[in-house]
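Thanks for coming. I will take a few minutes on one structure, starting with a side chain and ending with a sheet.

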Amino acid sequence: MVSTKPLIGEVYYPPETIVRQANLPDYDAEHQAMLADLAGEWGRIAREEFEWFAPWKKTLDDSNAPFYQWFVGGAVNIVHNALDRHLRTWRRNKVALLWEGENYDQRSFTYHQLAREVCRFASVLRAMGVNKGDRVTIYMGRIPEIVVAMLACAKIGAVHSVVYGGFSVEALHGRIEDSASKVAITSDGAWLRGNIVPLKEIMDEALQRSPTVQTVIVVKRTGQDVHMEPGRDLWYHDLMKLPIAETCIPTEEVDAEDPLFLLYTSGTTGRPKAILHTHGGYMVGVATTLKWVFDLKEDDTWWCAADPGWVTGHSYIVYGPLLLGATSVLYEGAPNHPFPDRWWDIVERHGVTVLYTAPTAIRGLMRFGDAWPNRHDLSSLRLLGSVGEPINPEAWKWYHRVIGKERCPIMDTWWQTETAHFMITPLPGTPLKPGSATLPLPGVQVDVLNEDGDPVGPNEEGYLVITAPWPGMLRTIYGDPDRYVQQYWSRFPGVYMTGDSAKRDEDGYIWVIGRVDDVIKVSGYRLGTAEVESALVSHPSVAEAAVIGMPDEVRGSVIQAYCILAQGVEPTQRLIEILRDHVAHEVGPIAKPATIEFVDKLPKTRSGKIMRRVLKARALGLDEGDLSTLEE
């Protein structure tokens, strides 16, 4: 609840002008209404804010918990609400998407133009044999066609599985194989820091072992020569010229619980898990939370500086802004290319009013000093946001002082791929504490528990859990419902385990500390230790491996690896580089270990479990704690 007494610690109060102009729910009133009737309040919001083809019979079905269902029996399609309904209003000619390429080329799409492009590509996909429920893998850079592809899949009831364009052959292959996609969409390449990322080449290699894929659609972005497999590969621009693309098919009516997308996220085992989200609950949760937290107005220009390949991009580049009828920016390239003021130049030229980015990007740009942002007029900014990991107070204060000129509140948001949308975050009128995500949103019920499942006291660290269902929650792990229950609902029965540790201060503010499972966040991206260790061990020189996350002032964490070499293999600096490149090939460049140390043994329990906390304590020079369970 919002406290009326003076808050403890370092507190920043939002400017009165921000509070006065904000069109927000009364936090206390909305939260109390949600606590009194969770399903009733979400049902009211869903009826008032969205269009349904047919009403639902039950707002929340918890009869088969933890497989909760929302808006049961309702007929809807997220694309109808994100595009179609706007075409009946003046928003038809409002700019939906402003795109800027790394090479400064620009394209913009009004709601009418974007809807038409989506409609045409949906017709193409249907002609390619893609039907309701079919999975489609999308592997592209940050170009408008990735947005079009996602929306076109949703329009016909297909399920998109977007794979981040920085992932490698093995990671892409694994996700295609798990989803059993029949169509893949990629581009010839992507621009990043003046270089071409060879996306089509990576896709080709991945498809050598992916027999389910029958068709590959390729967008021409970089223009370099690529192999086009006869009978399988087709150019996007050629398909969009066909008569079939001029036949606009209607948006498919789907059940609220029909799947919308799969998105893979790292877990504590080597195999990434496919998080499944559905049309109805995801739509209601994402749009409502964006409206509450960033108070988007008709004249705002919103920029979520993420990648559509991550959940942040799904929710707050593609679906959320379009559901609210907003104008948003999509930028292709790196924050510091060709100079460290590229982002601030974009803010100035496009008149960005709300900027939402990750602490790792803030820290990276902060290194270049104040002069670069100070060269630009950033007065259009009204609100700032942070996502992906806890933001350290030093970066928070720089972001607030240098970018926001001490007048832009920072919405420090905590949420996950699994939650789909913001869960713990300030509203524009919330007093802020640097480093704290502040309070759960209305209707979001969280707690911090000890090992026994009891709430901890103020400022005591414990497990961050969610104690009541929410509309955008994941429905299952695709193809593995048992893993869904075990992963999220078994530690404290009936309670969702986030995998993060946190503490709650005297004012009720939540401070997220970090992961408690074997997951490392590098630049805000989750990487499972098992996934990286499996990549290392797959090299013939390595017998065993363990990895830990080490603090890094720019990326949050970097990977430090420990390897036991196979018999007869000599430890050399050259081998270190070979193994680093091998991990990059197997998982992706983001997973490349910063350091690799060759060791003779690893600390293990008597049951054979590697004690990564011991490795981390040794690396940081800290107390190793209880070693009674060590093998030796």
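Arg-555 has a relative accessible area of 36%, so this residue is partly exposed. Bear in mind that we are looking at a predicted model. The side chain of Arg-555 meets that of Asp-552 in a salt bridge, at 3.9 Å from N to O. Asp-552 also counts as partly exposed, because its relative accessibility is 23%.

That pair is one of the 41 salt bridges that the structure holds. As a reminder, side chains of opposite charge can pair when their charged atoms come close.

Next, a pair from another part of the chain. Glu-451 and Arg-491 form a salt bridge through their side chains, with an N to O distance of 2.5 Å. Glu-451 sits in the loop between β21 (446-449) and β22 (462-466), and Arg-491 in the loop between α16 (481-489) and β24 (496-504), so the bridge ties together parts 40 residues apart in sequence. How accessible is Glu-451, buried or exposed? Its relative accessibility is 51%, so Glu-451 counts as exposed. Arg-491, at 32%, counts as partly exposed.

Arg-382 and Asp-295 meet in a salt bridge at 3.8 Å, N to O. This pair links distant parts of the chain, 87 residues apart: Arg-382 is in the loop between α14 (371-374) and β19, while Asp-295 is in the loop between α10 and β16. Both Arg-382 and Asp-295 are buried.

There is also a network of salt bridges, which links Glu-30, Glu-41, Arg-44 and Glu-48.

On to the sheet. β16 and β19 belong to an open sheet of seven strands with mixed pairing, in the order β5-β4-β17-β16-β18-β19-β20. Which strands stand at the edges? They are β5 (106-110) and β20 (410-412); each has a single partner strand, so one side of each is left without a neighbour in the sheet. On average, neighbouring strands here are turned by 20° against each other, ignoring direction.

Within the sheet, β4 (residues 95-100) and β17 (residues 327-331) run parallel and are joined by four bridges. Glu-100 stands opposite Tyr-331 in β17.

Two helices lie across these strands. Helix α11, residues 311-323, lies across β4, β16, β17 and β18, at about 165° to β16.

That is the last slide.

Definitions and conventions
Residues are numbered from 1 along each chain as its sequence is written. This is a predicted model: local features need pLDDT of at least 70, side-chain atom pairs count only at pLDDT 80 or more; totals for chains, interfaces and linings use all residues. Side-chain values use heavy atoms; hydrogens and water are left out. Two strands pair if DSSP finds at least two bridges between them. Axes are lines fitted to C-alpha atoms, for helices over the stretch in contact, and angles run from 0 to 180 degrees between N-to-C directions. Contact means heavy atoms within 4.5 Å. A salt bridge is a side-chain nitrogen of Lys or Arg within 4 Å of a carboxyl oxygen of Asp or Glu. Buried means under 20% relative accessible area, exposed over 50%, partly exposed in between (1.4 Å probe, protein chains only).
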